[in-house]
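Please open the model in a viewer and keep the selection panel at hand.

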Amino acid sequence: MGTDLIRWLARAICWIFYRVDREGAVPADGPLLILPNHPNALLDPAVIWATAGRDVRFLAKSTLFDGGFAPILRMARAIPVYRRFDQGVDASRNSETFAAVDAALADGSAVCLFPEGVSHSTGRLVALRTGAARMALAAERRGIAVTLVAVGLNFDRKTAFRSRAIVLYGRPFSLGRIAADQDDQAAVRLATDAIAGEMRRLLVEADPESDASMVARVERLYGAARGRPQSPHERIARRQAIARGMERLRVRDQPRFEEIAQRLRRYDQRLQRFGLRDRHLDWDLSLQTAAWFALREALAALVLGPIAVAGLVLFWVPYHLTAILARLATRERDVAATATVFVGAGTYVAWLLVVASVAWQAGGPRVGVFTAAALPLIAVAALFAIERETAVVETVRAWWMLRRAKAGTRARLRDARSELAAVLDETYEWLSAETPAPADARMPN
């Protein structure tokens with residue numbers, strides 16, 4: 001029962017905090033090692049649990065079992081890892097970790113561990129530790145056919161509430177041949193390299209301070225201009241190609257890089273002048289389409305509008321208080337989202353108790369209990385109602401701006417977008433000719 005509760009909470013946290021796009025899957029049964037990157041502290045396990053599609057056991061650093069998280073970790077059946085660089089930890093106890101993982105795999109369970117070993121905000125895959133490889137090889141040599149699946153956790157703005165997370169599950173693979181053909185040292189090295197290669201296929205590696213936002217911006221522009229597929233895999237593939245191209249261009253021709261960046265800024269400034277985004281330029285602006293949209297959304301607003309207003313009134317205080325307290329709690333990017341979740345949980349529970357107590361005093365026990373039960377449901381419903389109605393308002397505003405703009409404005413903006421996309425194609429082809437890239441590193445079609 002405890003495990004089911006923790007699993008449910010983890011999934012709820014993931015789907016409420018982020019807008020998750022998922023692609024790929026893990027085998028439905030059998031021994032499995034799930035191997036994600038680790039950019040986001042304790043929210044990474046929540047994202048895996050929410051998207052894996054089967055029950056998962058996690059490895060967690062042993063020091064977490066000595067603090068306030070201990071009951072949660074035990075209910076989740078997490079397995080402690082004794083890291084050498086954690087103060088006061090006896091690393092020799094990792095033999096217990098390996099034995100627990102081996103037993104779980106022998107039982108056909110799915111085990112998730114983070115091969116990088118630490119949570120970080122570098123924006124890149126850091127050097128992997130050898131634990132994942134050694135666990136998989138040990139199981140293979142005991143006759144346990146273990147399937148490995150790498151996972152790419154790609155966050156647009158990982159510290160921001162309701163930001164986008166793209167979760168890619170890779171192709172299943174095995175280390176059975178390496179375990180059979182290589183001695184211990186060589187096998188561990190080759191297996192670790194194989195795991196790193198599979199993980200890199202699923203990640204956008206870009207500096208979060210200087211490049212990540214520009215990579216995402218160029219990808220959105222290019223996808224809109226060329227009408228490219230918007231599946232999670234296609235978006236990540238384009239961002240990978242753009243990130244590699246930016247790195248090479250900066251090294252080979254800095255003035256050309258700055259020129260393209262300046263053209264992109266000018267284009268964005270023109271969009272902002274009209275309050276538009278790339279996707280708005282391709283809309284059907286006919287009155288018939290607008291009338292149908294207005295009718296549909298007016299009917300929806302009859303239901304969603306009151307819910308959104310109720311949410312704004314009831315939860316304005318805890319929402320903003322959570323933001324303030326979370327900023328005070330930590331400045332570290334890789335734990336900021338985790339801090340927000342735990343601070344928010346405490347703040348909202350306290351607020352719920354205050355409101356329920358007021359209702360109890362005003363209307364008696366039944367009203368108080370009903371209020372306490374209804375508030376969480378109202379909060380979730382209001383969250384999605386506010387998002388929907390905010391999107392409608394943005395759509396109406398963009399439609400109005402396009403309708404009242406001078407004739408030809410939209411066409412000129414679309415031409416500017418197409419010209420930028422052509423420059424990106426030309427630059428990428430030049431870079432590829434200068435330094436041939438692997439076949440899977442070309443700009444996706």
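The stops below each give a selection and then describe what is found there.

**Before starting**

This is a predicted model, in which local features need pLDDT of at least 70 and side-chain atom pairs count only at pLDDT 80 or more, while totals for chains, interfaces and linings use all residues. Residues are numbered from 1 along each chain as its sequence is written, and side-chain values use heavy atoms, with hydrogens and water left out.

**The whole protein**

The protein has 14 helices and seven strands; helices (H or I, at least four residues) and strands (E, at least two) are DSSP runs, numbered from the N terminus. Along the principal axes, the C-alpha atoms fill a box of roughly 75 × 70 × 40 Å.

Of the 445 residues, 46% are buried. Buried means under 20% relative accessible area, exposed over 50%, and partly exposed in between (1.4 Å probe, protein chains only). The accessible surface comes to about 23100 Å², and carbon and sulfur atoms account for 59% of that surface; such areas come from the Shrake-Rupley method with a 1.4 Å probe, and for residues only the protein chains shown count as cover. Among contacts (heavy atoms within 4.5 Å) between residues at least 6 apart in sequence, 75% join residues at least 24 apart.

**Helices H1 and H2**

Select residues 2-17 for helix H1 and residues 43-51 for helix H2. At what angle do H1 and H2 pack? The angle is about 100°, and the axes lie 8 Å apart. Axes are lines fitted to C-alpha atoms, for helices over the stretch in contact, and angles run from 0 to 180 degrees between N-to-C directions.

H1 contributes residues including Ile6, Ala10, Ile13 and Trp15, and H2 contributes residues including Leu43, Val47 and Trp49.

**Salt bridges**

Side chains of opposite charge can pair when their charged atoms come close. A salt bridge here is a side-chain nitrogen of Lys or Arg within 4 Å of a carboxyl oxygen of Asp or Glu, and the count comes to 28 salt bridges.

Select Arg124 and Glu247, whose closest N and O atoms are 2.7 Å apart in a salt bridge. Arg124 is in the loop between S5 and helix H5 (131-141), and Glu247 is in helix H9 (residues 232-252), 123 residues apart. Arg124 is partly exposed at 33% relative accessible area, and Glu247 is partly exposed at 32%.

Next, select Glu219 and Arg239, a salt bridge with closest N and O atoms 3.3 Å apart. Glu219 belongs to helix H8 (residues 212-226) and Arg239 to helix H9, so this pair ties together parts that are 20 residues apart in sequence. Are Glu219 and Arg239 buried or exposed? Both Glu219 and Arg239 are buried.

Then select Glu297 and Arg388, which meet in a salt bridge of 2.9 Å, N to O. Glu297 lies in helix H11 (residues 287-329) and Arg388 in helix H13, so the pair ties together parts 91 residues apart in sequence. Glu297 is buried at 6% relative accessible area, whereas Arg388 is partly exposed at 37%.

Helix H13 spans residues 365-404 and includes Val380. Ile386 is also placed in helix H13 and is partly exposed, with a relative accessible area of 26%. Leaving aside neighbours within four places in sequence, Ile386 is in contact with Ala308 and Leu312. Pro306 lies 80 residues from Ile386 in sequence, yet their C-alpha atoms are 9.9 Å apart.

Finally, select Ser109, in the loop between helix H4 (94-106) and strand S5 (110-112). At 17% relative accessibility, Ser109 is buried. Beyond its neighbours within four places in sequence, Ser109 contacts Gly30, Pro31, Leu32, Arg54 and Ala104.
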